[in-house]
Amino acid sequence: MAKLINRKRFFYLICLLLSIITLICDNITYGFNIEPLPSTSINNPNNYSVWNSSNYFGYSLALRRSVNGIVRAVIGSPKERQPITGYQGFAPTIKPQATERSGPGAIYNCPFSFPSVSPSCTRTSPLKLTNDSKIIEDRESLGLSLSLQSGTDVVTVCAPLRMRECTYSYLTHGTCGNSNNFGETWATNPQGGISTTKCQTLDLIFLIDGSGSVNEKDQGNFNRVKEWVKTVTSSFDISSSTDVGVIQYSHAFRNRSLDMQPYITTEVSLGKYHTLTAFNEAVDNISYHSFTTFTAHAINKTVLDFMSGSRYSDKSNQKVMILLTDGRSSDSQDLAASAAYARSLGITIFAVGVADFVREELEIITGSNDRIFTQSDYDQLNQVVGSLQLSISGVLEGGAKKNSSNLLRQSETGFATAMSEVSEKALSWFVWMCSYESMGYSLHC
């Protein structure tokens with residue numbers, strides 16, 4: 001029994017000594033880095049000035065260590081600026097001033113080795129512009145996102161704010177570029193924004209009432225309608241992005257097909273004229289019909305004219321009908337079906353009611369009160385021009401129809417990127433921790 005007690009005491013003594021040693025060693029143990037290398041600064045090669053002091057150089061980064069010990073770095077500088085001569089854009093909120101310096105961003109290749117005091121950085125151009133003169137690169141933020149595919153030399157860089165100027169709006173689609181050799185050469189990503197987005201185009205057809213009531217009170221009313229058509233058209237680019245047509249309607253013979261109706265006529269074929277001078281001359285030559293008001297038949301005829309257009313099936317093409325009338329339709333029993341059919345084909349209908357218009361019919365035609373404009377007399381038609389033009393612009397921006405889509409036109413492709421790979425291997429031999437400092441002027445690792 002005494003031997004057992006002595007063994008326990010000996011064991012307790014050993015544990016006490018180990019505890020004392022642990023406490024002493026804990027007080028003399030210091031932390032250390034796995035690879036205690038001196039800090040290296042990679043400076044933006046541009047001269048430090050008021051214009052490039054906020055370039056965000058180092059905001060994005062990809063690093064690769066080669067066999068010979070050289071560290072290869074691809075560095076993004078998304079707010080890098082440069083002088084511009086004064087871009088003459090469409091919207092005043094986007095157009096820079098003549099003295100402004102914009103920030104298209106930049107990508108740099110910076111090979112170096114430890115301890116390197118001043119690594120050599122070379123600016124590269126991964127997203128060269130195509131021949132598209134409408135591309136605006138002044139604010140594209142190249143280098144806002146950058147990613148490296150694990151275990152490879154595949155690098156993706158993006159300019160998510162790259163824009164294209166369209167006639168009636170801007171597209172902020174962004175774009176990305178890939179390199180298979182860590183930034184030595186670049187190829188535009190085929191899935192980037194530029195290759196998948198198009199500017200909106202417009203097919204616009206005026207459907208004007210030529211019934212006897214138009215000139216009944218004033219023989220100059222139909223001429224006022226023609227002047228109004230020319231005024232509305234003048235705000236659209238009919239040289240390329242907009243095709244315009246004009247149909248006049250009055251009477252319809254029920255035993256004849258639409259293409260055989262002498263008083264529902266295509267006065268200006270859709271897209272026939274691409275200068276305002278030629279279009280206006282054609283409108284001036286339209287002769288007044290008189291007779292009745294077969295509005296439903298006229299809508300059906302307009303649908304056929306849309307279908308004959310070269311861009312009818314193009315998803316980037318919007319179809320707009322502007323119907324002007326001054327009274328009740330002679331085929332009101334068919335009006336709801338005809339209007340619903342036209343709208344089901346993606347045709348947006350605006351209705352302009354003048355004088356003795358019937359509000360209920362205008363609502364049936366448009367399917368929305370937002371697309372109805374009214375005036376008490378023909379000499380007041382120009383008062384709706386501005387509102388009508390603005391509403392049509394809303395169609396082009398995707399805001400006038402339910403369930404409409406911009407088809408990634410404002411997608412900002414590449415706002416964030418990431419590439420990953422499932423692997424059992426881990427990069428345990430080298431660890432980087434970097435930060436950009438001095439308002440983005442330099443990167444420290």
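Below are legends for several close-up views of a predicted model.

Residue numbers start from 1 along each chain as its sequence is written, and side-chain values rest on heavy atoms, leaving out hydrogens and water. Because the model is predicted, local features need pLDDT of at least 70 and side-chain atom pairs count only at pLDDT 80 or more, while totals for chains, interfaces and linings use all residues.

**View 1. Phe182 and Ser290 have positive phi values without being glycines.**
Phe182 has a phi near 55 degrees and sits in the loop between β13 (175-179) and β14 (187-188). Helices (H or I, at least four residues) and strands (E, at least two) are DSSP runs, numbered from the N terminus. The Phe182 residue is buried, at 3% relative accessible area. Here buried means under 20% relative accessible area, exposed means over 50%, and partly exposed is in between (1.4 Å probe, protein chains only). Ser290 has a phi of about 85 degrees and belongs to the loop between α4 (276-284) and α5 (295-307). With 25% relative accessibility, Ser290 is partly exposed.

**View 2. Asp203 and Arg311 pair up in a salt bridge.**
The N to O distance is 3.1 Å; a salt bridge here is a side-chain nitrogen of Lys or Arg within 4 Å of a carboxyl oxygen of Asp or Glu. Asp203 is in strand β15 (residues 201-209) and Arg311 in the loop between α5 and β18 (317-325), so this pair ties together parts 108 residues apart in sequence. Asp203 is buried at 1% relative accessibility, and Arg311 is buried too, at 14%. The structure has eleven salt bridges.

**View 3. Asp334 and Arg254 link two loops through a salt bridge.**
This time the N to O distance is 3.8 Å. Asp334 comes from the loop between β18 and α6 (335-344), and Arg254 from the loop between β16 (242-249) and β17 (264-268), so the pair ties together parts 80 residues apart in sequence. Asp334 is partly exposed, with 28% relative accessible area, whereas Arg254 is exposed at 52%.

**View 4**
An α-helix has 3.6 residues a turn, so residues three or four places apart point the same way. Both partners are partly exposed, Glu363 at 34% relative accessible area and Arg359 at 32%.

**View 5. The buried residues of α7 line one face of the helix.**
Those residues are Glu361, Leu362, Ile365 and Thr366. Looking down the axis of α7, they fall within an arc of 125 degrees, so they line one face; the arc is that of the directions from the helix axis to the C-beta atoms. Their cover includes α5, β18, α6, β19 (347-354) and β20 (372-375), where contact means heavy atoms within 4.5 Å.

**View 6. Leu304, Met307 and Tyr341 make a nonpolar surface patch.**
Together they have about 270 Å² of accessible area, computed by the Shrake-Rupley method with a 1.4 Å probe; for residues, only the protein chains shown count as cover. Patches are made of residues with over 30% relative accessible area and no salt bridge, joining like charges within 9 Å and nonpolar side chains (Val, Leu, Ile, Met, Phe, Trp, Tyr) within 5 Å. Met307 lies in helix α5 and is partly exposed, at 35% relative accessibility.
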